[in-house]
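I opened the structure to look up the surroundings of its ligands. My entries follow the display.

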Amino acid sequence: MRELGIVTDGAVLCREGRVAWVGKTGEFTGPLPDDMTVLDGTGMVVLPGFVDSHTHAMFAGSREREFALRSEGATYQDIAGQGGGILSTVSQVRKASKRELKHSTSRYLTEMLRHGTTTAEIKSGYGLAMETEVTMLEALRELRDEELSGVVPTFLGAHALPPEFAGNLPGYVALLVERLLPYIARKNLAVFCDVFCEQGYFGLEEAETILSAAKVLGLKLKVHADELTSMGGAELAARLGAVSADHLEKISGRGVEALAEAGVVAGLLPGVSFSLNHGYAPARRLIDAGVPVAIASDFNPGSCMSFSMPLMMTIACTQMRMTPEEALTAATINGAAALGLSATHGSIEPGKQADMILASVPDYRFLAYHFGVNHVRSVIKNGTLLEL
Ligand code: NIG
Ligand code: FE
């Protein structure tokens, strides 16, 4: 994760949306097309676009009241227990139309592109009923086709127990497994299935039932694991062959070993620990154990109202003791790996999709070091220079 393959005085040639050549400018010998667009990056750094592998960027309403309550000492769990949290966003999303959901997410995607994120995973999980979950996933599919940004849709029907099923967890799990998952798989509405495996949400047993059903239907797996309590979510992710296990603030030593052995990506979310002030995932232990570590924003109205990947890198470096090189790897190629896209995304290599940013910084380390400002000057998606 510390080897970035930096090229000084470099150049990149893109053709038909892909990287055709990359190297030192003086070493390019091939012919150049006449109608080529040239972008001068003198004095800047060219980087792969960020791959934000974990977001909840489709929601309605906002929860600044909870932010204020936490500033006075309330915890995320206190607030959820008082009717706030995920369920308060669920009631807003259920009132919103597909058009409204698409519109607000589209604006966020544009703003994310401006901050260098060229691919974002987005989860459902604020509908928690057949109709609203499907509406969210259909909206995401439409955005994937219409937006400039890359969108990877994840089904997170197991985000919380909806009010209609209060006291009836098995009933809701049955709805997910028997009705929602088969429909979503048949209509090809999601690439991944995710579960919030946590005390008071979905236990290990429920998570296993839901994820196993999703796997049989051909969905790839992700798990919100070991965030608030050390439950063994990481071990479950390893056992089921999940692509990533995310959060991991409370992962156990056995969990670290399990991820390393199974080659599961650890999706760390520095912005959540920063926002909720509940401690950081053991990034060093994971990296030193050989686990591929990705960082993502988890952008959502409750636990992290930021989608800035450079800010996530800053927090990773200052609070989790990741080096700037590791943080950059975690925000690009390892983010792509967390989405099963590392063969095509996340680095500037011949044959890969030409997703790049030009940052007005003298050195790549400035991205994390000089925080709170947007250094991104140009964004290239699929080989096209975007006007944002
Ligand atoms: O990843 N942990 C569960 N879900 C989100 C929070 C969503 C919310 O609070 O609305 C998370 O932190
Ligand atoms: Fe999340």
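I sorted the shell around ligand 1 by class and found four nonpolar, eight polar and three charged residues (Ala, Val, Leu, Ile, Met, Phe, Trp, Tyr, Cys and Pro count as nonpolar, Asp, Glu, Lys and Arg as charged, and the others, Gly among them, as polar). The model is predicted: local features need pLDDT of at least 70 and side-chain atom pairs 80 or more, while totals for chains, interfaces and linings use all residues. Residues are numbered from 1 along each chain as written, chains are lettered from A and ligands numbered from 1 in written order, and side-chain values use heavy atoms, without hydrogens and water.

I listed 15 residues surrounding ligand 1, the closest being Arg 63, Tyr 76, Tyr 126, Asp 298 and Ser 303 (a heavy atom within 4 Å).

I then looked up polar contacts (N or O pairs within 3.5 Å). Polar side-chain atoms lie from an oxygen atom of ligand 1 at 2.7 Å for Tyr 126, 3.0 Å for His 247 and 3.3 Å for His 56. Taken alone, ligand 1 exposes 330 Å², and the protein buries 100% of that (Shrake-Rupley method, 1.4 Å probe).

Terms used
A polar contact is a pair of N or O atoms within 3.5 Å; within protein, one must be able to donate a hydrogen and the other to accept it, and residues adjacent in sequence count only if both atoms are side-chain atoms.
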